[in-house]
Amino acid sequence: MFSITVRDHVMVAHSFRGEVFGPAQRLHGATFVVDARFKRPDLDPDGIVVDIGLATRELGAVLAELNYRNLDEVPEFAGINTSTEFLARHIADRLADRVHAGALGPGALGLSGVEVTVHESHVAWASYERAL
């Protein structure tokens, strides 16, 4: 399996519901480093997994929808704990939508999967992997 990974970051505010979250139940800020890994079993006719420039651009576009936002105020996330795990899935799903829409070029239609890793810090992160 071949893969390429692109990286960006996003800054958000949010809070959590539930005792398990302790002080994170209060509104707090977070800066997440986000890796998007695109996979395919064989290289495309150009000898690549996907255009890195397009992958970088589309990851940035997905993150721009969240950047500098209070996630508690995003209607789409109403009633949801926007955990690191949840955000990894949300970002992966938005990237999948962009692949299927052709935003990563025609070669991207041969991708088999995408994995998004959201790093809370240098010692903790969560990932979500999905088929394309």
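Me: Leaving aside neighbours within four places in sequence, which residues is Leu-95 in contact with?

Reply: Contact means heavy atoms within 4.5 Å. By that rule Leu-95 touches Ala-36, Phe-38, Glu-58, Leu-59, Val-62, Val-114 and Val-116, its neighbours within four places left aside. The model is predicted: local features need pLDDT of at least 70, side-chain atom pairs count only at pLDDT 80 or more, and totals for chains, interfaces and linings use all residues. Residues are numbered from 1 along each chain as its sequence is written, and side-chain values use heavy atoms, with hydrogens and water left out.

Me: Is Leu-95 buried or exposed?

Reply: Buried means under 20% relative accessible area, exposed over 50%, and partly exposed in between, with a 1.4 Å probe and protein chains only. Leu-95 has a relative accessible area of 0%, so it is buried. In the protein, buried residues are 40% of the 132 residues.

Me: What separation do the C-alpha atoms of Leu-95 and Phe-38 have?

Reply: They are 9.8 Å apart, while the two residues are 57 residues apart along the chain.

Me: In which helix is Leu-95 found?

Reply: Helices (H or I, at least four residues) and strands (E, at least two) are DSSP runs, numbered from the N terminus. Leu-95 belongs to helix α2, which runs over residues 84-100. The protein has two helices and five strands, in the order β-β-α-β-α-β-β along the sequence.

Me: What span does α2 reach from its first C-alpha to its last?

Reply: The expected span of a helix is 1.5 Å times one less than its number of residues. With 17 residues, α2 reaches 24 Å, close to the 24 Å expected. Gly-102, whose phi is positive, near 90°, follows α2.

Me: What covers the buried residues of α2?

Reply: The cover includes β2 (28-40), α1 (52-64), β4 (113-119) and β5 (125-131). Among the residues covered are Phe-86, Leu-87, Ile-91, Leu-95 and Val-99.

Me: How does the radius of gyration of the protein read, and what would a compact globule have?

Reply: The radius of gyration is taken over C-alpha atoms, and the globule rule is 2.2 Å times the number of residues to the power 0.38. For 132 residues a compact globule would be near 14 Å; the protein has 16 Å, which agrees. Its C-alpha atoms fill a box of roughly 50 × 30 × 20 Å along the principal axes.

Me: What share of contacts between residues at least 6 apart in sequence join residues at least 24 apart?

Reply: In the protein, that share is 69%.
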